[in-house]
Amino acid sequence: MKPILEAKDVTRYFGGVAAVNNVSFQVREGEILGLIGPNGAGKSTTFNLISGFYQLSSGAVYFDGENITNKPPEYLNKKSLVRTFQHNVLFNEMTVYENVFMGTVLNKMKQKEKEELVLELLTFLNLLHVKDEVTKNLPHGLQRMLGIGVALATQPKLLLLDEPLTGMNMVEINEAVSILNKLRTEKNITIVIVEHNMKAVMELCDRIVVLSYGKKLAEGTPEEVRNNEEVIRAYLGGS
Amino acid sequence: MDTFVQLIVNALQSGAIYVIFSLGLTLLFGVMKIVNFAHGEFYTAGAFLTYLFIDKWGLFSSINIYVAYFLAFVFAILIVGIVGYLVEMTIFSRFHGDMVSGLIVAIGLSMVMQTIYLLMFTANPKNITSIFKGTSHLFGGSISNERIAIFILALLFTVGMTLIIKKTKFGKAMRAISQDKEAAELQGIDYKSITRWGFVVGIVLAASAGVLVSPASVVDPYIGEAYLMKAFIIIILGGMGSIPGCILAGFLLGIIESFGIFYFDIAFATALSFILVMLMLLIRPQGLMGHVSR
Amino acid sequence: MSQGNNIRWLIVSVIVIAFGFMLNDPYLAHLFALLCVYSILAVSFRFIMLCGEINLAHASFFGIGAYTSAALTIHFNVPFIVAFFVSGIIAAIVSILFGAIAFRVKGHFFLLLSFAFAEVIRLFFQNAWTDVLGGVTGIAGITSPMGEFYGFIAIVTLLILYTMYFLEKSKLGKILIAIRNSEDLSRSIGISSMKYKVLSLVVASLLVGMSGSMFAHFNFVISPEDFTFHLSIIILSFVIIGGRDHFIGPVIGVVLLVLVAEYLRGFGSYEILAYGLAIILAMLFMPKGIAGTLQSLRLIKLKSSKSKSREEAKV
């Protein structure tokens with residue numbers, strides 16, 4: 001089966017250092033793929049390269065068979081690829097409702113349909129009760145979920161999540177994980193997730209790619225990765 | 001060949017002035033992230049104070065002129081420094097990091113200062129007695145002794161500034177803040193205090209340029225503005241926040257103007273420098289020697 | 001918009017148009033026209049600020065419109081109404097070229113770039129085609145193109161202001177604000193920030209070019225010094241002091257400051273002093289401008305560009 005996303009020898013240099021060095025992997029449609037590695041491994045850079053925010057030094061990225069190397073984020077979104085951000089990047093002058101609504105602003109749906117979509121997403125993400133709040137008043141965990149909500153409003157096929165669980169407490173994490181699971185089952189969205197929270201990663205992901213010092217160290221199921229010696233060494237005895 | 005040398009000599013001496021003036025501006029931008037539209041007015045302050053001390057009030061007329069000039073310099077710097085400290089405290093400290101607001105308030109300040117000068121001194125240009133009289137001939141070009149003195153002093157200033165930035169604790173603190181404000185604060189650096197003193201240093205530099213240049217040219221309420229525009233050109237070309245870039249670009253502008261005015265005309269030279277600025281902002285926004293902020 | 005509001009603005013519009021047709025005194029008529037044209041400049045300046053950028057070349061596009069109209073009517077015998085539209089179009093075209101290049105950078109870089117561009121345009125007006133553009137002295141002897149010109153100005157001004165209002169409330173306005181809040185997030189959801197920034201610039205410049213044409217024909221004389229970054233900065237002060245978060249803010253700023261300036265006209269340089277002090281005081285004590293401060297004091301209820309009030313969010 002053709003992969004929905006393929007990274008082929010993706011490389012990016014900063015100065016003389018390869019932050020990402022010939023990284024290749026495939027993402028199968030409908031799966032949740034984890035991208036993990038110790039700090040500085042190049043995960044966020046890889047994300048930025050795939051999502052059009054950084055230029056590749058060499059290599060290529062394919063989405064749904066099309067070569068999308070170095071195409072800008074706005075182009076990628078029209079093709080149904082969307083990413084979230086590591087920090088709380090939101091439209092701070094707007095309410096929660098308006099934030100999610102922005103995701104629909106460019107599509108061709110009728111106003112009524114857009115409103116329904118937004119409300120449905122807010123309910124799905126447990127944000128309905130704060131829909132009229134201005135974003136800066138929201139607790140951190142809800143802001144993270146809102147970021148995902150904005151992305152989902154663009155009705156993507158592929159969702160790249162950049163450390164969605166950072167700063168969340170246990171309760172928020174559990175809720176987030178169950179929502180992410182539902183994304184896969186109910187909405188048929190393929191997900192690539194960068195995360196540090198190992199428990200969540202092992203729980204959610206069908207497969208995992210491990211990066212270290214810019215190179216791909218391992219790829220496989222959570223079981224395989226957990227028992228991989230090199231991975232264990234890279235984390236210095238972690239997980 | 002003589003023309004060429006003369007043009008270079010002209011370039012060097014105007015370049016030196018530009019450098020001193022722009023050093024302050026680049027410092028303010030690098031550390032406080034403010035685009036100080038009122039910078040020119042502090043230059044004018046230095047010039048007018050010198051005029052007041054030496055010519056209008058003749059405060060030091062009984063002493064040797066070099067000493068008089070030196071004293072005028074010291075007092076001018078003190079006064080400007082105090083005013084600058086107060087200005088930062090009451091006005092600019094509110095807008096740290098907010099570029100738009102800082103810019104707007106600086107514009108307002110510049111309007112106020114210019115008008116104060118206009119009311120105090122009228123628009124008529126004033127002459128200041130020159131300190132170093134006569135001209136010399138260097139490498140086939142002629143240059144007034146005043147200008148030679150300016151060049152030497154400018155060089156001393158630049159060296160002094162660079163040493164302060166690189167060697168003193170204060171300079172290091174400023175550099176730390178300009179690179180990463182939060183990290184600097186975590187290290188125990190008092191952001192508010194350093195920024196305030198950084199502002200003072202920046203505008204004192206502008207005023208110093210004014211004191212240095214005034215005996216060699218005329219003073220009126222609007223001289224600051226022309227320098228301000230050149231300073232913006234310089235700090236963009238050199239890299240906002242970069243001292244070596246500022247020096248390089250300062251002399252570069254001196255050369256462009258010197259040759260541009262001679263072979264074409266002043267409008268051409270000015271237009272050329274602005275076009276260069278636009279190109280630089282597009283191709284290499286961090287300037288010749290600035291750091292990439294992305 | 002509530003019914004009460006609608007009626008109120010309709011009445012104001014009628015009064016403004018009436019002024020335009022009834023003012024006979026040349027001094028008052030000129031002042032009125034100036035208020036109209038500055039309002040367009042200020043509102044359109046703020047329109048560009050919706051996407052987060054400050055354009056110090058704004059006055060330059062005003063100048064391009066003015067010079068185009070003057071040159072076309074005087075040197076090429078083009079009828080005013082044609083020159084009027086061509087002025088807007090030329091200004092818009094130049095703004096596309098400028099924006100497509102300049103918006104590759106943003107924030108203070110864009111601001112300084114627009115400042116440099118404004119100077120280049122000024123030098124252009126001063127030194128290019130001096131037989132047509134008049135060099136340093138500019139163009140004089142521009143004539144009023146019609147009997148009820150001030151009525152025309154009033155109507156055009158209102159049309160332009162209403163257009164800008166509806167554009168701001170439309171999808172375009174929301175997109176611009178989204179870009180201002182976060183360019184990265186906007187791009188990630190498919191909004192091309194470059195395209196929309198240029199669009200906002202082009203719209204603003206088109207309208208400002210047309211108002212430049214009107215300016216040339218009621219001021220009768222134009223020169224390069226009329227269209228420098230200084231004017232852009234004064235317009236910026238109108239917006240800031242009037243209130244940058246509300247549509248009507250810039251207009252409040254214009255009316256207040258221009259009238260104050262007229263009052264101080266006899267006092268010469270005190271005018272600039274007053275402007276400068278007003279800016280500093282406004283920034284220190286009334287950062288939201290007059291409109292914003294009146295709003296928070298609940299003296300008036302205005303539509304803010306910021307989050308909708310609760311009652312509007314009902315779904």
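Q: What stands opposite A:T11 in β4(A)?
A: That's A:S58. A strand here is a DSSP run of E with at least two residues, a helice is a run of H or I with at least four, and both are numbered from the N terminus. This is a predicted model, where local features need pLDDT of at least 70, side-chain atom pairs count only at pLDDT 80 or more, and totals for chains, interfaces and linings use all residues. Residues are numbered from 1 along each chain as its sequence is written, while chains are lettered from A and ligands numbered from 1 in the order in which they are written.

Q: How do you know that β1 and β4 of chain A pair?
A: Pairing takes at least two DSSP bridges between two strands. Five bridges join β1 (residues 5-14) to β4 (residues 58-63) in chain A, so they count as paired, and they run antiparallel.

Q: What makes β2 and β5 of chain A edge strands?
A: The open sheet has four strands in the order β2-β1-β4-β5 (chain A), paired antiparallel. β2 (17-27) and β5 (66-67) each pair on one side only.

Q: Why does the radius of gyration of chain A agree with a compact globule?
A: The rule is 2.2 Å times the number of residues to the power 0.38, with the radius taken over C-alpha atoms. For 239 residues that puts a compact globule near 18 Å, and chain A has 18 Å, so the two agree.

Q: What makes a residue of chain A count as buried, and how many percent are?
A: Buried means 20 or more other C-beta atoms within 10 Å of its own, with C-beta atoms placed from the backbone. Buried residues make up 42% of the 239 in chain A.

Notes: Buried ≥ 20, exposed ≤ 12 C-beta atoms within 10 Å, placed from the backbone.
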